[in-house]
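Below are a few points to go through with the model open beside you.

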Amino acid sequence: MTMTMTTEEDQLRKAKSAKLILLFAMVSMTMMFAGLTSAFVVSKSRADWLKNFELPIAFFYSTAVIIGCSVTFYLAKKAIQKDNRGATTAFLLGTLVLGVLFVVLQFVGFGQIMESGYYMTGQGSSITATFLYIIAFVHLLHLAGGLISLLIVIYNHFKQKYNSTQTLGIELGAMYWHFLDLLWVLLFLFLYFFK
């Protein structure tokens with residue numbers, strides 16, 4: 001009985017520590033994006049700021065796709081809590097497909113910006129487009145970390161490391177993905193309404 005209690009206490013302590021570390025990482029990422037959006041706001045007063053700049057249509061689609069990622073990851077977490085391994089597999093793989101689709105749509109969006117004649121650097125560059133590129137690219141870098149963590153979760157799932165009593169890896173992955181999804185939606189709304 002004492003051995004079981006100690007193991008459960010250790011698992012709880014480990015889970016709390018891991019979630020706290022992830023929370024600190026998410027707060028620091030939020031601060032970085034707050035700095036970028038603040039610089040965006042300050043730069044709007046520049047004479048060369050583009051007033052009629054439109055977000056590429058691919059960014060609208062990618063926003064819907066990343067919301068879908070949160071839904072599928074949430075469903076994967078719920079499925080493993082019920083020991084439904086088949087559903088967990090399907091939802092985790094669905095999250096991976098949607099995550100990759102989000103990345104593809106972001107690059108399609110960058111292509112649409114370039115087709116409109118706006119570049120990050122060089123002759124056709126503008127400060128407005130440069131900010132958009134930087135914000136979206138930095139988010140993509142964080143999403144790359146999310147995809148790597150998702151691949152680790154999927155690998156561990158196939159190694160049968162998760163079940164209804166051991167869900168920490170999936171919980172941490174879901175927390176990070178929900179954060180990335182919320183962050184992109186907020187950035188998208190910011191860029192759309194605060195041109």
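1. First, the ground rules. This is a predicted model, in which local features need pLDDT of at least 70 and side-chain atom pairs count only at pLDDT 80 or more, while totals for chains, interfaces and linings use all residues. Residues are numbered from 1 along each chain as its sequence is written, and side-chain values use heavy atoms, with hydrogens and water left out.

2. On the overall fold, the protein chain has five helices and zero strands, running α-α-α-α-α from the N terminus. Helices here are DSSP runs of H or I with at least four residues, strands are runs of E with at least two, and both are numbered from the N terminus. The C-alpha trace spans about 70 × 30 × 25 Å along its principal axes. Of the contacts between residues at least 6 apart in sequence, 83% join residues at least 24 apart, where contact means heavy atoms within 4.5 Å.

3. Next, burial and surface. Of the 195 residues, 41% count as buried; the term means under 20% relative accessible area, with exposed over 50% and partly exposed in between (1.4 Å probe, protein chains only). The accessible surface comes to about 10,600 Å², and 69% of that belongs to carbon and sulfur atoms. These areas come from the Shrake-Rupley method with a 1.4 Å probe, and for residues only the protein chains shown count as cover.

4. The largest nonpolar core has 48 residues, and Phe 59 and Trp 184 have the most contacts inside it. Each of α1 (2–43), α2, α3, α4 and α5 supplies at least two residues of this core, with α4 giving the most, 13 residues. Such a core is a set of buried Ala, Val, Leu, Ile, Met, Phe, Trp, Tyr and Cys residues joined through side-chain atoms within 4.5 Å.

5. A search of the whole structure finds twelve aromatic pairs. The rings of Phe 59 and Trp 184 have centres 5.6 Å apart and planes at 85 degrees, so this pair is edge-to-face. Rings of Phe, Tyr and Trp (its six-membered ring) pair if their centres lie within 6.5 Å; planes under 30 degrees apart count as stacked, over 60 as edge-to-face and the rest as tilted. Phe 59 and Trp 184 also belong to one aromatic cluster with Phe 102, Phe 107, Phe 110 and Tyr 133.

6. Which residues does His 139 touch beyond its neighbours within four places in sequence? They are Phe 33, Ile 66, Phe 102, Leu 180, Leu 183, Trp 184 and Leu 187. His 139 lies in helix α4 and is buried, with a relative accessible area of 0%. Thr 72, in helix α2, is buried as well, at 13%; leaving out residues up to four places away in sequence, Thr 72 touches Phe 91, Gly 94, Thr 95 and Leu 98.

7. Finally, two backbone angles to check. Most residues other than glycine have a negative phi. Asp 83, however, has a positive phi near 60 degrees; Asp 83 sits in the loop between α2 (57–81) and α3 (85–115) and is partly exposed, at 42% relative accessibility. Gln 160 has a positive phi of about 60 degrees, is found in the loop between α4 (127–158) and α5 (168–193), and is exposed at 58%.
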